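Biologist: I'm new to structure models, and I'd like to learn how to read one. Please walk me through the picture below, feature by feature.

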Amino acid sequence: MKTIVIANQKGGSGKSTATVHLAVAAEQAGDGPVIISDTDPQGSTVDWFNQRKRAGLETPRYSALALSELKTRIGALSAAGASYLFIDTAPSVGAVNAELFAMADLILIPLNPTPTDLRALVKGLPVIKQSGKPFSFVLARVRANLRNNEGTAAALEALGLVLPTRMHERVIYAESFAHGKTAFEVDPKGVAAHELSRLWENTKARITESQKTRKPERQHEQATAN
Ligand SMILES: Nc1ncnc2c1ncn2[C@@H]1O[C@H](COP(=O)(O)OP(=O)(O)O)[C@@H](O)[C@H]1O
Ligand SMILES: [Mg+2]
């Protein structure tokens, strides 16, 4: 099982929206079973899940994660056959999220392409980097043709890898979320669903790539341990 932690210390950057949409994208691509978890006390993702259950939709599944037993719980989910675990986080990159980062195969950072959000990110990035885990930025809530977009994308490239697909500002993301749904159930052939499928492919590719580059490190660890 691969664990994807969605984080950004700024509230409203699109973490919860990206979490549930990517989780469903993974299921749609046949990459399930997918589990989601919400560690934000605000609970938007858990609210979404409860709505979804009421609407009779059964995937992805939900699992609560207590920080005190993170390792055991994640191990149990993996042993039970889950393929991907998406963890939505509170808008903070403090000590709590550091424990989550330690469990991540990838940290995904949704970011609105504005100078303010970029400045906020620069402050939060050291904690993410300290985890030593692969991370990627996702440009989120992108409004087409804004001059800021390309400038932010270029500035971000200097800080780390930016996934090539952008998640645009679309009414369908907000509206479907409110009903425990995603763009996939509302308009499966629409531009949003298409964009999400590509973003999920980018995410998977990023995990695969980062594992390739991390391999020598592990072999080295083994060699020194023997
Ligand atoms: N791509 C998007 N298009 C339209 N609205 C969005 C998009 N992403 C987020 N939103 C809206 O912005 C607000 C904050 O998004 P949310 O995912 O809850 O952010 P976070 O979890 O980072 O606080 C919500 O009202 C959500 O519906
Ligand atoms: Mg949220």
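Modeller: Let's start with one pair of residues: the bridge partner of L108 is S136, which sits in β6. One caution before we go on: this is a predicted model, where local features need pLDDT of at least 70, side-chain atom pairs count only at pLDDT 80 or more, and totals for chains, interfaces and linings use all residues. As for labels, residues are numbered from 1 along each chain as its sequence is written, while chains are lettered from A and ligands numbered from 1 in the order in which they are written.

Biologist: Which strand pairs with β6, and over how many bridges?

Modeller: Strands are said to pair if DSSP finds at least two bridges between them. Here, β5 (residues 106-111) and β6 (135-142) pair in the parallel sense, and five bridges link β5 to β6. The names come from DSSP runs, numbered from the N terminus: helices are H or I with at least four residues, strands are E with at least two. The chain has nine helices and eight strands.

Biologist: How many residues of β6 are buried?

Modeller: Burial is a neighbour count: 20 or more other C-beta atoms within 10 Å of a residue's own make it buried, 12 or fewer make it exposed, anything in between is partly exposed, and the C-beta atoms are placed from the backbone. In β6, eight of eight residues are buried. R141 is found in this strand, and it counts as buried because it has 22 C-beta neighbours inside 10 Å. It's also a residue other than glycine with a positive phi, near 55°. N145, in the loop between β6 and α6 (147-157), has a positive phi too, near 65°. But N145 counts as exposed, because it has 7 C-beta neighbours inside 10 Å.

Biologist: What covers the two faces of β2, and which strands is β2 joined to? Are its faces buried or exposed?

Modeller: Look at each side in turn: V34, I36 and D38 are on one, I35 and S37 on the other, and all are buried. Five of five residues of β2 are buried, so the rest of the structure largely encloses this strand. Strand β4 (residues 84-88) runs parallel to β2, joined by five bridges, with I35 opposite L85. β3 is parallel to β2 as well, through two bridges, and there I36 stands opposite Y62.

Biologist: Which residues does V20 touch?

Modeller: A contact means that two C-beta atoms, placed from the backbone, lie within 7 Å. V20 belongs to helix α1, and leaving out residues up to four places away in sequence, it touches I36, T45, W48, F177 and T182. V20 counts as buried because 26 C-beta neighbours lie inside 10 Å.

Biologist: Where are the buried residues of α7?

Modeller: An α-helix has 3.6 residues a turn, so residues three or four places apart point the same way. In α7 (171-178), the buried residues are Y173, S176 and F177. Seen down the helix axis, they fall within an arc of 105° (taken from the directions from the axis to the C-beta atoms), so they line one face of α7. The face turned away from that side carries the exposed V171, A174, E175 and A178. After α7 comes G180, with a positive phi near 70°.

Biologist: How many residues surround ligand 1?

Modeller: A residue is near a molecule if its C-beta atom, placed from the backbone, lies within 6 Å of it. There are 17 around ligand 1, and G14, K15, S16, T17 and A174 are the closest. α1 (15-28), β6 and α7 each supply at least two residues of that shell.

Biologist: Which peptide bonds are cis?

Modeller: Check omega. The bond from G32 to P33 is cis, with omega near 0°, and P33 lies in the loop between α1 and β2. The bond from T59 to P60 is cis too, with omega near -5°; P60 is in the loop between α2 (44-54) and β3.

Biologist: And what about the chain overall?

Modeller: Buried residues make up 38% of its 226 residues. Its C-alpha atoms fill a box of roughly 55 × 40 × 30 Å along the principal axes.
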